[in-house]
Amino acid sequence: MRLLIMGPPGVGKGTQATGIAAHYGVPAISTGDIFRANVKNQTPLGQEVSRIMADGGYVPDVITNAIVADRLTEADAAKGWLLDGYPRTAGQVAALDDELARFDTR
């Protein structure tokens, strides 16, 4: 089961994602949650994200794509996943498509 939930900020994607993912027994994966956890834990990724956001910027696709690709390799995602708010750009769509093709899961 591979699902995407998309929409503008504040419409309840995270709330819906949690319930849907639980129903299907797959993890709900939110890039925002991953970024916040890394910032809170002051990881190298979190420090980079903090610098970008402090400057008023958006986290570049290359960073976002890498954290999603890494997250999809974790054991709990082996049987599927629900991506919450990703992909958001054409570049992210292409990166996800490439990642899925790499694992032959299109």
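Is isoleucine 20 buried, exposed or partly exposed, and at what relative accessibility? In this predicted model, isoleucine 20 counts as partly exposed, at 30% relative accessibility. Buried means under 20% relative accessible area, exposed over 50%, and partly exposed in between (1.4 Å probe, protein chains only). Residues are numbered from 1 along each chain as its sequence is written, and side-chain values use heavy atoms, with hydrogens and water left out. As the model is predicted, local features need pLDDT of at least 70 and side-chain atom pairs count only at pLDDT 80 or more, while totals for chains, interfaces and linings use all residues.

Isoleucine 20 lies in helix H1. Helices (H or I, at least four residues) and strands (E, at least two) are DSSP runs, numbered from the N terminus. The C-alpha atoms of isoleucine 20 and glycine 56 are separated by 33 Å. Along the chain, these residues are 36 residues apart.

Three strands form an open sheet in the order E1-E3-E2, with parallel pairing. Strands E1 (2-5) and E2 (28-30) stand at the edges. Each has a single partner strand, so one side of each is left without a neighbour in the sheet. From one strand to the next, the twist averages 25°; axes are lines fitted to C-alpha atoms, and angles run from 0 to 180 degrees between N-to-C directions. Two strands pair if DSSP finds at least two bridges between them. Three bridges join E2 to E3 (residues 81-84), and the two run parallel. Alanine 28 stands opposite leucine 82 in E3.

The largest pocket holds about 730 Å³ of space. Its closest lining residues to the centre, of 28 in the lining, are Thr31, Gly32, Phe35, Gly85 and Arg88. A pocket is an open set of points on a 1 Å grid over the protein atoms alone, where a 1.4 Å probe fits, with protein on both sides within 12 Å along at least five of seven lines; lining residues have an atom within 4 Å of a point. Helices H1 (13-24), H2 (31-40) and H4 (61-71) each supply at least two lining residues. H2 gives the most, with five. By class, the lining has ten nonpolar, twelve polar and six charged residues, with Gly counted as polar.

Glutamate 99 is placed in helix H5 (residues 90-102). Glutamate 99 is buried, at 14% relative accessible area.

Note on methods:
Grid points are joined across faces, edges and corners, and a volume is the space filled by probe spheres set on the points.
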